[in-house]
Amino acid sequence: MSLFTASPIHPRALQMINSALQPLFFEDKECKIERLKLHVWPDSEMAEHHSILTAFGMLRVFPNIYVTKGVAYVIEDSGRGEKAFAWVCRR
């Protein structure tokens, strides 16, 4: 089974998420998918999922009341000094 067919979200949304994640793993060798969260608008379709399968593994989804419609980003819950961050979609 392909990673891309196992996910219940729209293929374009998954492509955007994978594109945002890619630099985090290639530029920062210490970045781990287990420490990342996708922050989304609480009323979005994506917010219905607890996690989604990406090309890099399972990514947790976090409905965030401070995120507006049409905006999504990935941020690291880190115990180290720096936090990884990437926009998935912004206005």
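Tutor: A nonpolar core here is a set of buried Ala, Val, Leu, Ile, Met, Phe, Trp, Tyr and Cys residues joined through side-chain atoms within 4.5 Å, where buried means under 20% relative accessible area (1.4 Å probe, protein chains only). This is a predicted model: local features need pLDDT of at least 70, side-chain atom pairs count only at pLDDT 80 or more, and totals for chains, interfaces and linings use all residues. Residues are numbered from 1 along each chain as its sequence is written, and side-chain values use heavy atoms, without hydrogens and water.

Student: OK, how many residues does the largest nonpolar core have?

Tutor: 22, and Ile17, Leu21, Leu24, Leu36, Leu38 and Leu59 have the most contacts inside it.

Student: Which element gives the most to this core?

Tutor: H2, with six residues. Helices (H or I, at least four residues) and strands (E, at least two) are DSSP runs, numbered from the N terminus.

Student: Switching topic: in what order do the strands of the open sheet come?

Tutor: S2-S3-S1-S4-S5, with mixed pairing; two strands pair if DSSP finds at least two bridges between them.

Student: And which strands stand at the edges?

Tutor: S2 (51–54) and S5 (85–89); each has a single partner strand, so one side of each lacks a neighbour in the sheet.

Student: How many bridges join S4 to S5?

Tutor: Four, and S4 (residues 72–76) runs antiparallel to S5. Tyr73 stands opposite Trp87 in S5.

Technical notes
Buried means under 20% relative accessible area, exposed over 50%, partly exposed in between (1.4 Å probe, protein chains only).
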